[in-house]
Amino acid sequence: MSEFLAELIKALTLQAGYNTSLVLVGAALLGGAAGGIGVFVLLRKRSLVSDAISHATLPGVVLAFMLASYFFDDGRALWALLIGAAFSAVLGALAVEWIVRYTRLKEDAAIGTVLSTFFALGIVLLTLVQSVYQGGQAGLSDFILGSTAGLLYQDALLIAVSAFVVGLVLIFKFKELTLLCFDITFAKAQGYNVASLDRLLLFLLLAVVVIGLKTVGLVLVIALTIIPPVAARFWTERVSHMVLIATFIGALGSWFGAALSSVATDLPTGGLIVLTLFSIFLISLLVAPKRGALAHALRHKLFQRRVHERQGLLAISRAEPVFDPLTQKILRKKRFLRADGAVTEEGHQAAQKMARDQVLWNAYHQAYPIEALALEDWSLRPIEEVIPKDLVEELSEELMLTKVRLVQ
Amino acid sequence: MNDFIQLDFPSLLLGTLAALSCGLLGNFLLLRGQALMGDTISHVVLPGIVGGFLLAGSVAALPMMLGALFASLFSVSLIELIKRAGRIEAGAAMGAVFTTMFALGVVLLEQSGARGVHLDVEHALYGNLESALWLEAESFQDLLSFSKLFSLPEDIWVLFFITLLVILFIVVFYKPLMITSFDAAHADSLGISSKWMGLGLVFMTALSAVAAFSAVGSILVIAMFICPPATARMLTDKLSTQLWISGFIAVLSGISGYFLAAFGPFWFGGQDSVSAAGMIALMAGFLQVLAMLFAPRYGVLSRLFFKNRFHNQ
Amino acid sequence: MSALSKQSLIDETGFISSKVAFDVSGLTVAYDRKPVLWDVSFQAHSGRITAIVGPNGAGKSTFLKASLGLVPAVTGQTFILGEALKEARKNIAYMPQRASVDWDFPASALDVVMMGLYGRMGFLRWPSQHHREQALSCLDQVDMADFAERQIGQLSGGQQQRVFMARALAQEAEVYLMDEPFAGVDAATENVIFKTLKALTAEGKTVIVVHHDLDTVRKMFDDVLLINRQVIANGPIDDVMSDEALRRTYSGRLGFHKAGEPVGGAAVQAHV
Ligand SMILES: Nc1ncnc2c1ncn2[C@@H]1O[C@H](COP(=O)(O)OP(=O)(O)OP(=O)(O)O)[C@@H](O)[C@H]1O
Ligand SMILES: [Mg+2]
C-alpha cells in the first residue's frame, strides 16, 4: 500500500518518467479546457450535445482507419484517426441542428437519434473492419474506452498542444461567450454575431471531445465537459468564477486520475479520471456553502421554523387558535405556549412584538414594493435587523400619522 | 433451413423483442421530453450488471438483472437529487450521472476481467445477439410444440415476458400515462400523480433496458427507445396510432436489420457477418430518416413540395 | 354594497344562502426561502364568481397551485366544501396557465376534453361511447364541436383555450379554478368562456378566476381577491375595488397593466 502511495506521489509530482509526465500534463490541459468550455455549454443548456458529438466520432474513426490503411499502410496514425473523428462529429452536430430546425422533433430526440445511429454505423463498420483486417485494427476499440497505455510520445504531444490551443481560444473569446450565455438579447444589441458565437462554442466543444477520445474514450469524454461545470455551479453564481473553478476541477481531476492509472496500470484511464471528477462533484454537492445540499437543507429548516413561529405568534396576536402541529411544537419549545395549549405571558408579549413588526413590514411592502420583492428576508426577520434604522422610524411615523388621520 | 431455425431464428427473435419492448416505451419518454432517459439507463446498468456478477460469482441472469435494476433506480434518484439540490438542468444532471456510472462499470469490469471471466465492455455496448442458439429445434414445426419452445434460451423467455409486461403496462396505464405526459399540473389536480407515473415509466424503462441490454447491448437499446417512436411521431397525430406504428417500425427494423447483418455482407462478397445489434439500430435510424424526409404531412421534403405547389397555384 | 351583490349573498328570507365552498387558511409558500405568498387566507362562496387580481409575479398562479397541493406550501390548509383536499379532488377543476403544455402532443381536441373525465373514470375503465358523447357535448358548449378531431396544435390560441374550458366542464366539479382563461384570447372566445362560467355559477358552482384586465373586472365578477404576496383586500367587488385598494395592490408601479403585458415601470416610492 505504501509502495502504491509512493508511486502515486511520484507520478503526481512528474517524477515517473517523461512519457507519464507528458500524459499527465496533456490530461490536465484537456480536463481544464473541457471544464471551461463545458461551463458555457451548460449555461446554454446544451450539455448533452457532447453526448451526440462524441458518439458520432466512431464511424469517422473507423473510416479514417480504412482509408489510412489503404493509402499509407498504417491505419493507426493518431492524427488521421482524429481528423476522421472530427469530420464525422461535425456531421453529427449538423444532423442534430437539422433535425431540430426542420422537423417537429425536439433536441433530446435529435441528440438520441444522432448518437445511436452514428454509433451503430460505427459498430457495423468496426465489425466489418475486424473481419477484413484481422488483428490490424487492434487499438481501434481503444477509442470507445480510451487508453493511455499505448500512447506514443508524439501522440501525447499532439493532445497537449491542441488542448492548450483550445484553452487559448477560450481565453481570447471569454467576454463574448459570457455575454452569449448571460444575456443573448444584449449580445445581439451590441452587434455580436450570436449565431457565429454559438458555432464557435460548438466547435470548441467538438475540439475537446475529439482530443479527449484517445485518452478517456468516447463515452467518458462527455463527463469531462459536464461534471466539472456542474460541480462548479455549486460554488458560485458568477460566470467568470464558474469558468475558473470548472477549469481547475477539470484539470485537477484529470491530473489525479491519470496519475492513478499510471500506477494502477490494469485500470482504464478514462474510468479513473471520471470517478475522480465525480468525487470532487459529490463533495461540492454536499458541502459547498452557497448552493450545496447540506447548506440548503439547513437553511430550509431554519426558514420553516421562522415561518411557523412567526405565523403562530401572529395568530396569537389576533386571538386566533393555533392548529398546525408543527407550529404548536415550535411555540411550545420557546415557551410561548403551555403544554395544554394556553398562551403564556411571554407568548403574549412576543405576539405583540411580532404583530408590530408585521405591520411595519407590510408598510414597507406598500411603500417600496420592488425593494421588498427583492428582499430575501422580507417579513421573516425583525425589520430592524434588515433595513436601515432611520427607514424603520420613518415607516412607524407614517403609520402613526395615518392612524391619527383615521381617528380624526 | 435447419441452420436458420437453430442459429438465426433465436437471434432474430431476441433482437425483435428487444426492439419492440424498448420501442413501445420510448413513445412516452419522447412525449415527456425524456428521450435520453433510455440512453442514460442503458449506460448506468453496466456497474449494476458487473456488481451483480461479482456478488453472485457467476454469469447468472437474476443477480445481474437485480443489480442492473438497482443501479438504474439509484441513478434516477441521484439525478433527481442533483436537479433539485443544485437546480441543475436535467440534461447536465443526467450526463454527470450516466458517465460516472459507466466509468464505475468499466473500472469494475477490469477488476472482474482480472479474475479471468469473459464480460467485456464491447459486449456491453453492442451485445452478443448472434450467440443465441436453439440447438434443440429441428424444423419450423417446433415452433408449435410447447416442449420444444421451452428449450429456447433463457434470455428470450425473459425478454418475452418483459415485452408482455410492457404491453400490459401501456394498456393498463394508458390514460394516466397520456394525461401526465400532456399536462402534469392538470393531472396532479385530478389526483393522478405525475410523479408516481413518471417513476413507474422509468421503472419499466429500466426493466426493459436491462432485459434487452444483456442480449443486444446498449446501442440497440438507445436506438430503439428513440428511433421508432420518433419515426411514428413524424407520421401521425394520434397517440394510439403512434404506438402501433412505433411497434411496427421496431419489429421491421429488428427483422430487416438482422437479415442485413447476417446475410448482407455475403451478397457483397464478404466473408463474415457484421454486428446485428448495430445493423438493427442502423435500420431504425434509416427508417427515421425516411420518415423525416418523406412523411406525408410533416416530412421535410413533402412540406417543401406542397409549399411549392401551393405557391404555383 | 350594491343591491346586486347583496342579493346573491342573501336570499329573500334574509338568510345567507351561499356557503363557503373553497376555504384556504394561512397559506405561506416559498420558492427556495423567498416567500412568494405570505399568510394568505381566503374564502370563496358557492354560486359566485371571484376574480383574483394582482400584478405580475404577485403569486396568483402560485396561490392556485399551492392551494391544490401542486406546489409544496410551508404552512396552510385548504378545504373544499368542508372536506380536506385529499377527499375533495373530484370536486375541483383546475385549468393551468396556458403556456404549460406541448402543443405538438398527439392528441385531438376531443382527447383533451376526455382527459377531464379521467378523474372520475375508474382506473381500468376504457372510455366508452358514452364518455365520448359527454366530451362532445362539453365541446359543443364552447362552440368547438366542429373541431373535435383536430390536433390541438392546429387550433388558434382562443380555440385552444376553449378546449381547455371544455375539459374543465367535463370534470363536473363544484369548484372551478381557472388561471387566466382570458389571457390573449379573441373577443368571441372571451364571450363564450365568460358565458360558460356564468352558467356554472347559476348552477350553484364556485368559480375562481385569475384575471388580468382591470377594465373588465367590475363587469364580469361578483367578488374579488386583491393579492400581492399578501391579501390586500377580499370581498364583494363594489366594496373592495376602491382606488385606494388597487393602489395598494399595484403600489409603486406606474400605470396598471393590461392583460398579457409585462409591467414595466419604476418604483414610485409612494408612502402610505
Ligand atoms: N418554480 C418557481 N421557482 C422559483 N420561483 C418561482 C417559481 N414559480 C414562480 N416563481 C416566482 O414566484 C413569484 C410569483 O409567481 P406566480 O407565477 O405565482 O405569479 P403570478 O401572479 O401568477 O404572475 P403572472 O401574472 O405573471 O402570471 C414570482 O416572483 C416568480 O418569479
Ligand atoms: Mg400566473
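The legends below describe close-up views of a predicted model. Residues are numbered from 1 along each chain as its sequence is written, while chains are lettered from A and ligands numbered from 1 in the order in which they are written. Local features need pLDDT of at least 70, side-chain atom pairs count only at pLDDT 80 or more, and totals for chains, interfaces and linings use all residues, with side-chain values taken from heavy atoms and with hydrogens and water left out.

**View 1. The shell of residues around ligand 1.** Ligand 1 is surrounded by 13 residues, each having a heavy atom within 4 Å of the ligand. The closest are C:Asn56, C:Gly57, C:Lys60, C:Ser61 and C:Thr62. Helix H2 (residues 60-67) of chain C gives the largest share of this shell, 3 residues; helices (H or I, at least four residues) and strands (E, at least two) are DSSP runs, numbered from the N terminus. By class, 4 residues of the shell are nonpolar, 7 polar and 2 charged. Here Ala, Val, Leu, Ile, Met, Phe, Trp, Tyr, Cys and Pro count as nonpolar, Asp, Glu, Lys and Arg as charged, and the others, Gly among them, as polar.

View 2. An oxygen atom of ligand 1 lies 2.8 Å from a polar backbone atom of C:Lys60, and one is 3.2 Å from a polar backbone atom of C:Ala58. For C:Gln97, an N or O atom of the side chain is 3.1 Å from an oxygen atom of the ligand. Of the 630 Å² of accessible area that ligand 1 has on its own, the protein covers 57% (Shrake-Rupley method, 1.4 Å probe).

**View 3. The largest nonpolar core.** This core has 265 residues; such a core is a set of buried Ala, Val, Leu, Ile, Met, Phe, Trp, Tyr and Cys residues joined through side-chain atoms within 4.5 Å. Buried means under 20% relative accessible area, exposed over 50%, and partly exposed in between (1.4 Å probe, protein chains only). A:Ile37, A:Ile53, C:Leu197, C:Phe221 and C:Leu226 touch the most other members. Helix H10 (residues 194-233) of chain A supplies the largest share, 26 residues.

**View 4. The surroundings of C:Leu197.** Leaving aside neighbours within four places in sequence, C:Leu197 is in contact with C:Ile49, C:Met165, C:Met178, C:Phe182, C:Val207 and C:Val209 (heavy atoms within 4.5 Å).

**View 5. A:Val132 in helix H5.** A:Val132 is found in helix H5 (residues 107-132) of chain A. The residue is exposed, with a relative accessible area of 54%.

Key:
A polar contact is a pair of N or O atoms within 3.5 Å; within protein, one must be able to donate a hydrogen and the other to accept it, and residues adjacent in sequence count only if both atoms are side-chain atoms.
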